[in-house]
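I'll jot down what I look up as I go.

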Amino acid sequence: MGGAADDGGLAGRAVLVAGGTGNVGAHLTRRLLLAGARVVVPSRSAGKLAKLQRALADPLGERLIGLEGDVADPSGSVRVREEAERLAGGPMHAVVATLGGFVDAPSILAAPLEDLERAVQGYLYAHFVVARTFLPSLARTGGAYISINGPLASAPMFPGTGLVSIATAAQAMLARVLMQEMAETKARVNEVVIYSAFGWGDAEKKNIVTGD
């Protein structure tokens, strides 16, 4: 997404980063701010928003708009969209969805059903809700929708990653279906897969958490 000298056409544009308080989302938010965008970051946690705003202090923080709200909830996501457009002064130029959190599962056959539901909720359901909320507007304005995924959707599984692999594989298919459905509209749908090396200590597992 470039730096300030190569803004990729983002200078002055409004971009929403769903999951912007997570590890991946915070890095994306910083790069977007460096490119001159006004960045809206919704989160259910006021504390996480405050932490992000402190980390991206002036001058970058002047264009960071923190917004309390739940983009994974259908009605909450609509409220986030409406408030984001009000605060940014118009529709989003782009929406980046980087959502989901690691759910450890040494054996998926022994994992509680609640753990599967948590993985699917974070990686599939949340992305579905965000896409359904923002893509109709992006289709009218010609904006971009970017789904951020990790390598577990297609890479060989590592111990403990089974539930995340299942959920992110479904997330990947969601992105491809959206690409097909939006092909004849003005919207541009892309999937970005972020690869990293996994050592599978606690710190390494935290590094793939992307939600808020």
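Before anything else, I note that helices (H or I, at least four residues) and strands (E, at least two) are DSSP runs, numbered from the N terminus. The model is predicted, so I keep in mind that local features need pLDDT of at least 70, side-chain atom pairs count only at pLDDT 80 or more, and totals for chains, interfaces and linings use all residues. Residues are numbered from 1 along each chain as its sequence is written, and side-chain values use heavy atoms, with hydrogens and water left out.

Salt bridges came up next. I count one when a side-chain nitrogen of Lys or Arg is within 4 Å of a carboxyl oxygen of Asp or Glu. My search of the whole structure gave three.

Entry one: R86 meets E83 at 2.5 Å, N to O. Both sit in helix α3, three residues apart, about one turn of the helix. For exposure I use relative accessible area: buried is under 20%, exposed over 50%, partly exposed in between (1.4 Å probe, protein chains only). R86 is exposed at 55%, while E83 is partly exposed at 26%.

Entry two: D115 and R118 pair at 3.3 Å, N to O, both in helix α4 and three residues apart. D115 is buried at 17%; R118 is partly exposed at 48%.

Last, I checked S77 in helix α3. S77 is buried at 0%.
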